[in-house]
Amino acid sequence: MMPFDQPQNQQRPSPSSSHPPSSVPPAARPIIPLRMKCTDVPQFTALQMAAQTFRNDDKLHLKHLLADAFRSQALTAEHTTSASFEHGSDVVDNNGLDNNGGTTSTKRLRRIILDYSRQHVTGETMELLFDLADRMGLTDRMNELRSGFAVDVTEKRAAMHHVLRMPKSYVSKFRARHPRGEEILMEQVHGTLERVKEFSKEVRVGKRVGCTGRVLRNVICIGTGGSFYGPECVYEALRGDEAARKAVEGKRRNLRFLANIDPVDFDLCTRDLDPEETLVIVASKSFATAETMQNARSVRRWLVRSLCGMAGQGETNAKTVTMDETNRDTHDNKNEITEEQIVSKHFCAITMKSSSAAEFGINATQIFPIWDWVGGHFSVWSAMGMLPLSIHYSYDVMKRILDGAHDIDEHFFDAPLGGNIPVLLGLLGVWNSTFMGYHTRALLPYSHALRRLPALVQNFDMGSNGKRVTAAGMPLPFHAGEVNFGEAGTNAQHSFYQLLHQGRPVPTDFIGFMESQSVVDEESRRKGKPGVGTAGAVDGWGTELEVSSHDE
């Protein structure tokens, strides 16, 4: 074992460096699930023994571990955002020079820092976890995921959510990994993004209008699962962002999410909206999800009753209402609006089943694709998230979201495992849940903007990892996955912190930011400027901060 201030796991190669891209087409190389149980390998037994030692040896109590400065310093990982993300890939060339000839290294980059020294682990524990990951082929699985192999062995399909976030400049790299890389990235992904960009712009500037000629100011996004949790989380996260806020200011725009089939949800969603100014987006891969289609029919009836005067007569009646004088020529000089015209003007769809959306009456130009290699849990990066959020916040704002996600993708695939933040978080979850017997995890973002993040993590983590069998179909001898719960601080402090402090041990992820989206007043803003704050605490830019005390 190397000293704690230079842990051996930091030297482990990244997945991409240890396994170069394969030239074998993914379709020709199906993934064969491991028949070997993780419980059968010696690394699993070693971790069980290590956990037993932690439970019985008072010297390994966390209060003693934290007194070891070398250990605490070693149990950290850091990711610095790339210059292409911070300044745009179009202004940075491959040599790290901007268009003015200056290096990007002198420009402001940001950091994500993971401090896991307060986890019940030592350097030796992390080595055992990495040994188990190596024995079970983690790096192989990561490379197969990156290259578009059928990692979903049950449904025999790929999971290429990272491709949704790739810039066009990556076409050659992805083509080297996937035989249909250029078609998937350029035609499918970026072809759809171009359609989203153009459509959202037309709605925002008033070029696309409702059937009475009114501007479409309201958007109702109908979906469930990932097509609800993801877009809603991003929507809330951007409400306080300066660029997003400016994109909405003065527009009188509303974005609502309808997921629950409880009529109360529908009523609260629509009661203060003008049907003439409302655009409906139906997000369903199959266009057959029971809750989503029930809500889609309810909103359709609401629009038809409001615009056609069809109170209580169902959605197939074709009664009509006179159009606004300002829009008489929209439908070949016809004076009456039909239900067909209402659905054509006021509905969009994101689905794999375009024929089903067309049967519903949605115009083909307003049907956006999603593919079988996009799982619902992660569909926020597809048109399911990009379309409603681009209409509300602008495509330019949402493009930055894609760029940031791609930056983390590159970290996940390229960083050495010892400094790979997503891998470290995953292994710590395995350690806590499988070996230490801590079956819950609290997610505590100290940011009001991320108050819906715990619900999103519940969706994709518990939905994906809540299994009782292995990929090969063999029963697991232990409970898989963690029970996630959480709330934004400081609200959570007045909710369940008493249990965390005195009730039972709960592994907890605290998420903090050195810069807030908003400040309370100008005095607070001045205190964040260099040289103004009290000495001692320094933010991510080297700026001194004022430190408050709970005792004062």
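Let's start with strand β3, residues 218-222, which is joined to β4 by 5 bridges, the two running parallel. Strands here are DSSP runs of E at least two residues long, helices are runs of H or I of at least four, and both are numbered from the N terminus. Two strands count as paired if DSSP finds at least two bridges between them. Within this pair, C221 sits opposite F257 in β4.

A word on the model: it is predicted, so local features need pLDDT of at least 70 and side-chain atom pairs need 80 or more, while totals for chains, interfaces and linings use all residues. Residues are numbered from 1 along each chain as its sequence is written, and side-chain values use heavy atoms, leaving out hydrogens and water.

Now zoom out. An open sheet of 5 strands runs in the order β4-β3-β5-β8-β9, with parallel pairing. β4 (254-258) and β9 (367-369) are at the edges with a single partner strand each, so one side of each has no neighbour in the sheet. From one strand to the next, the twist averages 20 degrees.

Helix α12 (residues 263-270) lies across β3 and β4, at about 175 degrees to β4. Angles run from 0 to 180 degrees between N-to-C directions of axes fitted to C-alpha atoms, for helices over the stretch in contact, and contact means heavy atoms within 4.5 Å.

What about the nonpolar core? The largest one has 49 residues, and V163, W373 and L387 have the most contacts inside it. Such a core is a set of buried Ala, Val, Leu, Ile, Met, Phe, Trp, Tyr and Cys residues joined through side-chain atoms within 4.5 Å, where buried means under 20% relative accessible area with a 1.4 Å probe, protein chains only.

How values were computed. Buried < 20%, exposed > 50% of the residue type's maximum accessible area, 1.4 Å probe, protein only.
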